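Dear colleague,

I am passing this structure on to you, together with some notes on what turned up in it. Please look through the sequence and the model first, and then read on.

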Amino acid sequence: MKIKTDEITSVIKQEIEQFSSELEISEVGRVVEIGDGIARVYGLSKCMAGELLEFDTREGAVMGQAMNLEQDTVGAVIYGNYLNVREGDTVKSTGRLLEVPVGEEMLGRVVDPLGRPIDGGAPIQATQTRKLDIVAPGIAARQPVTEPLQTGIKAIDAMIPIGRGQRELVIGDRKTGKTAVCLDAIVNQKQFWGTDDAVVCIYVAVGQKDSTVAAVVDSLKQHGAMDYTIVVVAGASAPAPMQYIAPYAGCAMGEHFMWQGKDGKTPKHVLCVYDDLSKQANAYRQLSLLLRRPPGREAYPGDVFYLHSRLLERATKLSDENGGGSLTALPIIETQEGDVSAYIPTNVISITDGQIYLQPELFSAGVRPAINVGISVSRVGGAAQIKAMKEVSGSLRLDLAAYRELEAFAQLGTELDPASQRQLDRGARMVELLKQGEFQPFDAIDQAISIFAGSKGFLDDLPMDKVHKFEEELLEYFRGPQKELRDKLVTEKSFKKLGDDFIAALRDFKANWKAD
């Protein structure tokens with residue numbers, strides 16, 4: 001075989017041209033101590049706080065994050081299986097912060113806090129990522145909350161309205177229906193999917209049993225809600241670092257959609273449910289104590305308030321210049337024996353714009369959702385309601401407050417005057433009217449009609465067990481013979497001009513209605 005010298009010289013020239021004298025310098029350290037998901041690393045002198053680290057283990061690379069920068073070592077948390085990391089393993093600093101994949105590809109999937117699918121489906125081919133922990137938009141980038149986020153739950157939409165961009169805490173003891181309230185709100189967004197008002201929902205499960213999360217995903221699938229929902233799971237068996245970052249991961253996935261509005265794209269509204277933040281606080285406490293940070297009240301670290309405030313501060317309604325997108329947060333907090341004055345509940349109450357308090361006694365008495373109207377409040381209030389609902393809900397709150405006061409008297413067997421008895425009857429019917437089964441969301445106009453009928457006294461003389469039958473048939477009547485009047489209310493969104501017509505229609509309906 002003849003050697004072609006011109007070919008060899010051209011290859012050598014090419015190699016010389018491509019030669020670069022730059023060296024790739026990556027700082028490498030070694031694991032000196034490992035246990036409980038926390039590693040101490042020696043030798044990373046230029047490592048920065050929050051920087052992503054790569055642990056080179058026998059089973060492949062494992063990611064971690066620098067949390068403590070000490071004099072000789074770096075305290076790092078490990079995301080993933082920390083049992084693979086051993087003393088002496090090498091660690092590289094990456095110069096990056098923690099990121100998660102985002103985009104339409106995530107919809108309908110169940111993922112872990114790093115965005116990896118855990119639902120047995122195909123790998124997620126996301127093209128974009130977002131930083132996990134960012135600074136929330138400033139006041140100039142926001143606007144006041146004015147659009148309602150309809151939950152489909154009569155008691156909430158009437159008395160504790162939630163607006164798009166609001167942070168509304170759902171608080172109560174375990175097994176009082178906190179998750180059920182949030183899942184109803186997610187299922188109710190189905191009616192808006194595919195419109196300009198479409199809402200992407202993100203359900204973050206922290207410290208829940210995997211079987212519980214599987215049941216939630218099944219329920220969402222059955223009601224067709226998974227099409228617009230992302231479920232982020234860091235179960236009870238997940239390491240503490242994963243439970244700690246899960247809410248931030250869900251929030252980052254939501255922010256991608258919220259900022260889409262700036263490019264004129266939809267969906268641009270997001271609803272994030274964090275279920276629940278008491279478990280995240282416990283995971284963070286575990287991390288902090290293992291990192292030898294000093295414990296404070298109830299052994300929580302001093303920055304546990306900052307942990308939740310920097311998460312919930314990211315819920316916002318963006319200004320029109322930024323596309324007008326919104327991210328609404330529904331954090332859940334579990335109380336022990338109804339103690340709302342404990343450390344974490346008081347922290348989160350002071351960060352949020354109101355709370356929905358669920359009471360075990362009401363739940364046991366069959367009032368579901370078990371909302372205590374006295375303690376529950378929305379600091380956005382009527383600004384997040386349609387006019388029709390605002391007009392009927394004022395009297396509803398007063399009726400219920402008066403009913404709760406009189407109820408205590410009535411239990412003593414005191415003789416009541418006719419006016420008080422009427423108030424008691426009205427309140428009892430209103431409580432019955434506000435009862436609602438799970439996954440049975442009500443349209444906002446139907447809610448307004450039901451409460452209008454109750455507040456005008458059309459239910460006062462009905463037997464208690466017939467209230468729901470009356471309501472059901474009344475709403476059918478307004479979808480059938482009186483459809484024209486209902487359509488007018490949909491257009492006007494107010495009872496001001498239509499009040500008399502509705503009272504006349506209700507009289508007609510009640511005159512012909514038979515209880516059996």
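How many salt bridges does a search of the whole structure find? The search finds 28 of them, a salt bridge being a side-chain nitrogen of Lys or Arg within 4 Å of a carboxyl oxygen of Asp or Glu. Please bear in mind that this is a predicted model, in which local features need pLDDT of at least 70 and side-chain atom pairs count only at pLDDT 80 or more, while totals for chains, interfaces and linings use all residues. Residues are numbered from 1 along each chain as its sequence is written, and side-chain values use heavy atoms, with hydrogens and water left out.

Among the salt bridges is the one between Lys154 and Glu471, whose closest N and O atoms are 2.9 Å apart. Because Lys154 lies in helix α2 and Glu471 in helix α13 (residues 467–479), this pair ties together parts that are 317 residues apart in sequence; helices (H or I, at least four residues) and strands (E, at least two) are DSSP runs, numbered from the N terminus. Both Lys154 and Glu471 are buried, where buried means under 20% relative accessible area, exposed over 50%, and partly exposed in between, with a 1.4 Å probe and protein chains only.

Another salt bridge joins Asp461 to Lys510, with the closest N and O atoms 2.5 Å apart. Asp461 sits in the loop between α12 (444–455) and α13, and Lys510 in helix α15 (residues 499–512), 49 residues apart. Asp461 is exposed, with a relative accessible area of 57%, whereas Lys510, at 21%, is partly exposed. Elsewhere, salt bridges that share partners join Asp133, Glu255, Arg310 and Arg314 into one network.

Turning to the strands, Leu169 and Ile171 point one way from β10 (residues 169–172), while Val170 and Gly172 point the other way, and all are buried. Strand β10 pairs in the parallel sense with β16 (residues 354–358) over 4 bridges, two strands being counted as paired if DSSP finds at least two bridges between them. The bridge partner of Val170 in β16 is Ile356. Strand β10 also pairs in the parallel sense with β15 (residues 326–334), over 3 bridges, and there Ile171 has Ile333 as its bridge partner.

With kind regards
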